Amino acid sequence: MERQSPAPSKILRSQKGVALLMALFAMSLMTFIALEVSYDTSVDYIVAAQQVNRIKAYYAAKAGVEISLLRIMFYKQAMAGFGEALGPEASRLEVIWSFPFAWPPTLAGAKLNEVDKSMMKSVVSDSLMNAQYAATIAPESGKIDINDLGSDVKKLKASMIQQVVKIFESEVEHNEAFSDKYRGYNFQEIANNIADYIDEDSEGLNGGDESAPYRDFNEPGLQMPPNRPLRTVDELHQVGGMKDDFYNVLAPRVTVFGTKGINVNYANKDVLMALDESMTEEAVNRAIARRGNPKEGGPFKNDQDFFGFIGGFGVNTRSIQERKIPLLYDMEYNFRITATGLSGNVKREIVAVTYDYSNLTQRLADLLDQQKRDEQGVTVDPKNGNPPNKTKFKAAKGRPSVVYWEEN
């Protein structure tokens, strides 16, 4: 008996079902591919947009640094041209660098008339900068130059070593947690280790070979201590005997871009407190208030002015004078610029430090001359302060020298 073939209508219906399944599969595949392409495109777009924002934020921060360098240059030129004639009033020129600057400028609270506000808005709208930045300038001379612990000027070296010891002793006195851990600790030893790390000789100030604290270093070709100035404050971590607690105490109070002394007109509260055990919070707070207020006397002029003022609050000024701490009272030389750029949700920060080679070279020469005079028994009038305080300021020539640049 012969087998009958399926009816044509059934074959057609079967083929239609297969075609439908294939069409659905193809549509699903195309939908999946479209979604993947769309997702990848969106990710690429977001990444590209973030990269663009990073570039915008970076150049906005760089713009903040550049305008800060311009402000520093104008300040130094103004001081060179008018500082001596203005006398005590010269401190008013500090407004050129001291106030924070931001773009676009904020008008909230500004005392501007409608015409000025309209002009400001017009300038902002016409600007091609599609980003924001804020820049601040801070003085460096209010900190201790840690490299002075290895100075060729004997009195400067000795006084700065003792100043580091005083910083730790002051922390013990005013920080209960630190005191619980380190009361009775020999901070002279760690200060000497820092000096040995920097100075050029191989004789340890704590006795014996200065390489003794580094016997555990096994890196071939590495000389410890290196007997050179610190390049960054972070390098203090490599000093023998340096603990994190000690570093955290020193780091905010020291710099490697100092001015061969401590400028009391810019020094922060912690540095002033460490000048002597007799420095009280009242004396320091009143000194800081006075130097920032011309009506109360303004910045201190010399040793006699400063010691006379803090002596009125029970400070033992003779102890400070006997340690020969080089105190400065003139204008600021070195500056730290911090500029933050913002574009979209991306933030970039640049930190730069300027260094005034010409004026600081002259100051170091004055200190060496003073050392020579001391060795020869030549004295100076104490009413006029030390010779370095009276150094003739040289006018800035061109862009300030940038010796440190960090991008985040």
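Tutor: Let's begin with Gln163, which counts as buried at 0% relative accessibility. Buried means under 20% relative accessible area, exposed means over 50%, and partly exposed is in between, using a 1.4 Å probe and protein chains only. Keep in mind that this is a predicted model, where local features need pLDDT of at least 70, side-chain atom pairs count only at pLDDT 80 or more, and totals for chains, interfaces and linings use all residues. Residues are numbered from 1 along each chain as its sequence is written, and side-chain values use heavy atoms, with hydrogens and water left out.

Student: Which helix holds Gln163, and which residues is Gln163 in contact with, leaving aside neighbours within four places in sequence?

Tutor: Gln163 is in helix α4, residues 154-174. Contact means heavy atoms within 4.5 Å. Setting aside neighbours within four places in sequence, Gln163 contacts Ile144, Ile262, Val271, Ala274, Leu275, Arg323 and Ile325.

Student: What about the whole chain: how much of it counts as buried?

Tutor: Of its 408 residues, 40% count as buried. The chain has twelve helices and nine strands. Now look at contacts between residues at least 6 apart in sequence: 70% of them join residues at least 24 apart.

Student: Next, sheets. What is the strand order of the open sheet?

Tutor: The general idea is that strands of a sheet pair through backbone hydrogen bonds, either parallel or antiparallel. Two strands pair if DSSP finds at least two bridges between them. Here, five strands make an open sheet in the order β1-β2-β7-β8-β9, with antiparallel pairing. At the edges sit β1 (101-103) and β9 (402-407), each pairing on one side only.

Student: Which strands does β7 pair with?

Tutor: β7 (residues 335-343) pairs with β8 (residues 346-354) over nine bridges, and eight bridges join it to β2 (residues 132-139). Both pairings are antiparallel. You can check some partners yourself: Phe335 goes with Thr354 in β8, Leu342 is opposite Lys347 in β8, and Ile137 has Ile337 as its partner in β7. The hairpin of β7 and β8 has two residues between the strands, and Gly344 takes a positive phi near 60° there.

Student: Which residues are on the covered face of β7, and which on the uncovered one?

Tutor: The covered face has Phe335, Ile337, Ala339, Gly341 and Ser343. Arg336, Thr338, Thr340 and Leu342 make up the uncovered face.

Student: Now salt bridges. How many does a search of the whole structure find?

Tutor: Side chains of opposite charge can pair when their charged atoms come close. The rule used is a side-chain nitrogen of Lys or Arg within 4 Å of a carboxyl oxygen of Asp or Glu, and the search finds 14 salt bridges. One of them joins Glu66 and Arg399, with the closest N and O atoms 2.7 Å apart. Glu66 lies in helix α1 and Arg399 in the loop between α12 (357-376) and β9, so the pair ties together parts 333 residues apart in sequence. Glu66 is partly exposed at 31%, and Arg399 is partly exposed at 48%.

Student: Then what about Lys76 and Asp356: buried or exposed?

Tutor: Buried: Lys76 has 5% relative accessibility, and Asp356 has 7%. Their closest N and O atoms are 3.1 Å apart in a salt bridge. Lys76 is in helix α1 and Asp356 in the loop between β8 and α12, so this bridge ties together parts 280 residues apart in sequence.

Student: Where does Arg336 from β7 come in?

Tutor: Arg336 meets Glu140 in a salt bridge (3.0 Å, N to O). The two are 196 residues apart, with Glu140 in the loop between β2 and β3 (144-145). Glu140 is buried at 1%, while Arg336 is partly exposed at 23%. Lys143 joins in too: Glu140, Lys143 and Arg336 are linked in a network of salt bridges.

Technical notes:
Helix = DSSP H or I, 4+ residues; strand = E, 2+ residues; numbered from the N terminus.
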